[in-house]
Amino acid sequence: MLISFTFYRSIKVFLWISPLALVGAATERRKRIRQRKKELAVQFKESMMIIAASLSAGFSIENALSVSVEELSMLYGRDGMIVQEYAFMVQQIRTNRPVEKVLEDFARRSGLEDVQSFAEVFSVAKRSSGDLGSIMRHTAEIIRDKMQVREEILTMTASRQFEQKIMNMIPFFIVFYVESSSPGFFGQMYGTGMGRILMSICLVMYLISYVTAKKILEIEV
């Protein structure tokens, strides 16, 4: 509605582009998924340190997971994502499912690269009969350092992301301000074929700028 009013002032255009609102719903869904992944990644980082400490103390991986559920519950509550995942894994292990398979399932559900790396490293360490505690502790430190770098990048770009949101609304504010202060100023842009073509070009340029700005600020580590 905002785009059709700003660039075309046409009910027909609004009805024609209204199905594109589904794109906004899909975008919002992806945004929420990314946000949940970020929260899960932070919680997973804390869980790795707990598991590594338990393994170094001589616990088996099965007992280390059980201990981590209790400690993580104090940090994130029983409804925490990582708490629910670990509790589910503990239940599966108690039904004699191999730990490697349980971790692989967790990695697939989470969709996190760090969890996938943890599952792969654990599988290799278990098959090679290596020092599991030392290997897990080293893996946890690498994942922690990687996440700290990611958090620092997010902190450094937070102000730029806020500026981007403001700039996204500037074209609409300009049109509304000019139209309210000088009614009919944009009449030629909405009432003639050439004007509609120019407004369509402006819309395309705006969308390109919007997408480009988002890609620039989406820095992956």
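**Entry 1: the model**

I am working from a predicted model. I kept that in mind for every entry below.

**Entry 2: positive patch**

Which residues gather in a patch of positive charge? I found Arg30, Lys31, Arg34, Lys38 and Lys165 there. Lys38 is found in helix α3. I looked up the cover on Lys38 and got 43% relative accessibility. Lys38 is therefore partly exposed, since that class lies between 20% and 50%.

**Entry 3: aromatic pairs**

I went on to the rings. The structure holds six aromatic pairs. I followed up two of them.

Phe44 lies in helix α3 and Phe118 in helix α7, residues 113-128. The two parts are 74 residues apart in sequence, so the pair ties together separate stretches of the chain. Are Phe44 and Phe118 buried or exposed? Both are buried.

Tyr86 belongs to helix α5, residues 81-94, and Phe106 to helix α6, residues 99-110. The pair therefore ties together parts that are 20 residues apart in sequence. Both Tyr86 and Phe106 are buried.

I also looked for links between the pairs. Ring pairs join Phe44, Tyr86, Phe106 and Phe118 into a cluster.

I turned to the salt bridges. How many does the structure hold? I noted seven.

Glu179 forms one of them with Arg9. The closest N and O atoms of this pair are 3.8 Å apart. I placed both partners on the chain. Glu179 is in helix α8, residues 132-181, while Arg9 is in the loop between α1 (2-7) and α2 (11-17). The pair links distant parts of the chain, 170 residues apart. Accessibility came next. Glu179 has 21% relative accessibility, so I logged Glu179 as partly exposed. Arg9 has a relative accessible area of 27%, so Arg9 is partly exposed too.

**Entry 4: α5 to α6**

I looked at Arg109 and Glu85. Their side chains meet in a salt bridge at 2.5 Å, N to O. Arg109 lies in helix α6 and Glu85 in helix α5, so this pair ties together parts that are 24 residues apart in sequence. Arg109 is at 39% relative accessibility and counts as partly exposed.

**Entry 5: a salt-bridge network**

The side chains of Arg97 and Asp105 meet in a salt bridge of 2.8 Å, N to O. Which residues are linked in a network of salt bridges? I wrote down Arg97, Asp105 and Arg108. I compared cover for two of these residues. Arg97 is partly exposed, with a relative accessible area of 29%. Asp105 has 13%. Why does Asp105 count as buried? Buried means under 20% relative accessible area, so Asp105 at 13% is in that class.

How values were computed
Residues numbered from 1 in each chain as written. Predicted model: local features only at pLDDT ≥ 70, side-chain atom pairs only at ≥ 80, totals over all residues. Heavy atoms only, no water. Patch = residues over 30% accessible without salt bridge, like charges linked within 9 Å, V, L, I, M, F, W, Y side chains within 5 Å. Areas by Shrake-Rupley, 256 points an atom, 1.4 Å probe, with all protein chains shown as cover. Salt bridge = Lys/Arg side-chain N within 4 Å of Asp/Glu carboxyl O. Lys, Arg positive; Asp, Glu negative; His and termini not counted. Charge placed at Lys NZ, Arg CZ, Asp CG, Glu CD. Helix = DSSP H or I, 4+ residues; strand = E, 2+ residues; numbered from the N terminus. Buried < 20%, exposed > 50% of the residue type's maximum accessible area, 1.4 Å probe, protein only. Phe/Tyr/Trp six-rings, centres within 6.5 Å; stacked < 30°, edge-to-face > 60°.
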